[in-house]
Amino acid sequence: MATLNKEKKPITPKKVIGLIFSYIFILVFVLVFAAFIYIFAQVSTGRAPSLLGYRLYYVLTDSMSPTIEPKQIIVSKIINDSSKVDEMVDVGDVITFSATLSDGTAIFNTHRVVKDVYYDEALDGYYLQTKGDNPYVGVDNPIPTSAVQAVMIEKVPAVSSIFNSVTSQTGLIFFLGIPLIFIFSVLIIKLVTILNTPVQHDYLPSH
């Protein structure tokens with residue numbers, strides 16, 4: 001009777017480097033895909049995912065220019081209770097609030113508070129006034145405190161630059177196209193190598 005002894009191939013530095021690059025490309029792909037899902041969820045559904053009480057907002061228009069330019073990302077602290085808007089928001093703060101377009105589309109607006117929370121008897125509710133920093137933008141209609149989503153903490157230009165670079169046409173080709181081609185090429189080469197490599201068996205005499 002013979003015993004089958006399979007010889008294990010040693011892991012070479014070339015293989016290690018190849019695996020590292022593969023994992024890096026996969027990680028970049030996953031991060032870019034997650035960013036796409038995040039922005040898509042914000043723009044298409046009128047909702048933005050949150051993490052630990054904070055939320056990222058992707059500014060689409062120039063209504064806050066030159067303070068916040070289009071395609072910039074800001075970090076804001078979420079306001080879950082409309083009764084806390086008065087204590088969490090002051091005149092001069094930049095807030096993000098929900099609004100509805102004439103066609104019924106839900107959007108987010110990010111503007112600066114120009115009038116603190118007040119009670120409007122005619123509308124029977126608490127409101128505040130906002131305006132974009134762009135001098136060509138007029139004062140908004142009164143914003144109900146229930147529409148206030150978050151107050152801006154900080155701009156994140158580094159994250160904005162990376163995201164915009166990655167999601168540009170050139171970035172998509174470089175960060176998605178090339179890694180995908182590389183990964184598929186490696187998989188095909190490995191498959192061809194496996195199919196063309198004869199199976200080697202070492203038989204040892206049994207005792």
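**Entry 1: the loop between S3 and S4**

I began with Lys-71, which I found in the loop between S3 and S4, where helices (H or I, at least four residues) and strands (E, at least two) are DSSP runs numbered from the N terminus. The model is a predicted one, so I noted that local features need pLDDT of at least 70, that side-chain atom pairs count only at pLDDT 80 or more, and that totals for chains, interfaces and linings use all residues. Residues are numbered from 1 along each chain as its sequence is written, and side-chain values use heavy atoms, with hydrogens and water left out.

Lys-71 has a positive phi of about 70° although it is not a glycine. I set beside this the general rule that most residues other than glycine have a negative phi, and that most peptide bonds are trans. Lys-71 counts as exposed because its relative accessibility is 52%, the scale being buried under 20% relative accessible area, exposed over 50% and partly exposed in between, with a 1.4 Å probe and protein chains only.

Pro-66 also lies in the loop between S3 and S4, and I read the peptide bond from Ser-65 to Pro-66 as cis, with omega near 10°.

**Entry 2: strand S4 and its partners**

I next looked up the strands on either side of that loop. Tyr-58 stands opposite Ile-73 in S4. S4 is also joined to S9 by 5 bridges, and these two run antiparallel; here I found Ile-78 opposite Ala-150 in S9. Strand S4 (residues 73–78) is largely enclosed by the rest of the structure, because 5 of its 6 residues are buried.

I then followed strand S5 (residues 94–100), which is joined to S6 by 7 bridges in an antiparallel arrangement, with Ser-98 standing opposite Phe-108 in S6. The hairpin of S5 and S6 has 5 residues between the strands, and in it Gly-104 takes a positive phi near 90°. S5 pairs with strand S9 (residues 148–155) as well, in the antiparallel sense over 3 bridges, and Val-151 in S9 is the bridge partner of Ile-95.

Past S6, I stopped at Asp-124, whose place is in the loop between S6 and S7. Asp-124 has a positive phi of about 55° although it is not a glycine, and at 57% relative accessibility it counts as exposed.

**Entry 3: charges**

How many salt bridges does a search of the whole structure find? I recorded 1 salt bridge, using the criterion of a side-chain nitrogen of Lys or Arg within 4 Å of a carboxyl oxygen of Asp or Glu. Arg-112 forms a salt bridge with Asp-133, and the closest N and O atoms are 2.7 Å apart. The pair links distant parts of the chain, since Arg-112 is in strand S6 and Asp-133 is in the loop between strand S7 (125–131) and strand S8 (143–144), 21 residues apart. Arg-112 counts as partly exposed at 23% relative accessibility, and Asp-133 is partly exposed with a relative accessible area of 23%.

I also found a patch of negative charge on the surface, where Asp-81, Asp-86, Glu-87, Asp-90 and Asp-116 gather. Patches are made of residues with over 30% relative accessible area and no salt bridge, like charges being joined within 9 Å and nonpolar side chains (Val, Leu, Ile, Met, Phe, Trp, Tyr) within 5 Å. Asp-116 belongs to strand S6 (residues 106–120) and counts as partly exposed at 31% relative accessibility.

**Entry 4: the nonpolar patch**

Leu-180, Phe-184, Leu-187, Ile-188 and Val-192 make a nonpolar surface patch of about 460 Å², the areas coming from the Shrake-Rupley method with a 1.4 Å probe and, for residues, only the protein chains shown as cover. Val-192 has its place in helix H4 (residues 169–196) and is partly exposed, with a relative accessible area of 41%.

**Entry 5: the whole chain**

Last, I noted the overall count, in which the secondary structure of the protein chain comes to 4 helices and 10 strands. Read along the sequence, the chain follows the pattern β-α-β-β-β-α-β-β-β-β-β-α-α-β. Of the 207 residues of the protein chain, 29% count as buried.

Conventions:
Lys, Arg positive; Asp, Glu negative; His and termini not counted. Charge placed at Lys NZ, Arg CZ, Asp CG, Glu CD. Pairing = 2+ DSSP bridges.
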